Amino acid sequence: QVQLVESGGGLVQPGGSLRLSCVVSIWVSSINLMGWYRQTPGKERELVARITNGGTSYYADSVKGRFTISRDNAKRTVYLQMNSLEPEDTAVYYCNAGIRRYFYDTEEDYWGQGTQVTVSS
């Protein structure tokens, strides 16, 4: 069973940093796009950043220059380095990946369980 396992959330003061990690739990045939989304109560989930398996990245305007997404394909892991955190960054952060399992012809969309990031003094 494929799972995305996230770690690294927590409480941090404004201006601080956190690094989120997300690992695909088992070996799979291929992992295409990987990304991080976030959601606050009463709002829709929004894209924060995403990265292709070739390393091309995209960022939401609100995090450009502060967040960096990266991936280690050998470790089946995607990271989100978050610097200069602001209270507005407080949310549950979700990992997402497009994965094709062995012996399957199609790619499927997987989500992590979410990790809470709270930015507060």
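A salt bridge here is a side-chain nitrogen of Lys or Arg within 4 Å of a carboxyl oxygen of Asp or Glu. By that rule, the structure holds six salt bridges. The model is a predicted one, where local features need pLDDT of at least 70 and side-chain atom pairs count only at pLDDT 80 or more, while totals for chains, interfaces and linings use all residues. Numbering starts from 1 along each chain as its sequence is written, and side-chain values use heavy atoms, with hydrogens and water left out.

**View A. Aspartate 89 and arginine 38 pair up in a salt bridge.** The N to O distance is 3.0 Å. Aspartate 89 sits in the loop between β8 (77–82) and β9, and arginine 38 sits in strand β4, so the bridge ties together parts that are 51 residues apart in sequence. (Strands are DSSP runs of E, at least two residues, and helices are runs of H or I, at least four residues, numbered from the N terminus.) Are these two residues buried or exposed? Aspartate 89 is buried at 2% relative accessibility, and arginine 38 is buried too, at 6%. (Buried means under 20% relative accessible area, exposed means over 50%, and partly exposed is in between, with a 1.4 Å probe and protein chains only.)

**View B. Two salt bridges involve lysine 64 and glutamate 108.** Lysine 64 meets aspartate 61 at 3.1 Å, N to O, and both of these residues are exposed. Glutamate 108 meets arginine 101 at 2.9 Å, N to O. Here glutamate 108 is partly exposed at 26% relative accessibility, and arginine 101 is partly exposed at 24%. Elsewhere, salt bridges with shared partners join Arg38, Glu46, Arg66, Glu86 and Asp89 into one network. As a reminder, side chains of opposite charge can pair when their charged atoms come close.

**View C. Glutamine 39 in strand β4 has a polar contact with arginine 45.** Their side chains come to 3.4 Å. (A polar contact is a pair of N or O atoms within 3.5 Å; within protein, one must be able to donate a hydrogen and the other to accept it, and residues adjacent in sequence count only if both atoms are side-chain atoms.) Leaving aside residues up to four places away in sequence, glutamine 39 touches Glu44, Arg45, Ala91, Val92 and Tyr94. (Contact means heavy atoms within 4.5 Å.) Glutamine 39 is partly exposed, at 25% relative accessibility. For scale, the C-alpha atoms of glutamine 39 and threonine 90 are 8.7 Å apart, although 51 residues separate the two in sequence.

**View D. The whole structure gives two aromatic pairs.** Tyrosine 37 and tryptophan 111 are edge-to-face, 4.9 Å centre to centre with 65° between the planes. That pair links distant parts of the chain, with tyrosine 37 in strand β4 and tryptophan 111 in strand β10 (residues 108–111), 74 residues apart. Tryptophan 111 is partly exposed, at 34%. Tyrosine 102 and phenylalanine 103 make a tilted pair, 6.4 Å centre to centre with 55° between the planes. (Rings of Phe, Tyr and Trp, the last by its six-membered ring, pair if their centres lie within 6.5 Å; planes under 30 degrees apart count as stacked, over 60 as edge-to-face and the rest as tilted.)

**View E. Trp27, Tyr102, Phe103 and Tyr104 make a nonpolar surface patch.** Together they show about 590 Å² of accessible area. (Patch residues have over 30% relative accessible area and no salt bridge; like charges are joined within 9 Å, and nonpolar side chains (Val, Leu, Ile, Met, Phe, Trp, Tyr) within 5 Å. Areas come from the Shrake-Rupley method with a 1.4 Å probe, and for residues only the protein chains shown count as cover.) Tryptophan 27 is found in the loop between β3 (18–24) and β4 (30–39), and is exposed at 57%. Tyrosine 102 is partly exposed at 44%, whereas phenylalanine 103 is exposed at 86%.

**View F. Phenylalanine 103 and serine 84 have positive phi values.** Phenylalanine 103, in the loop between β9 and β10, has a phi of about 70°. Serine 84 lies in the loop between β8 and β9, with phi near 50° and a partly exposed surface at 41%. Most residues other than glycine have a negative phi.
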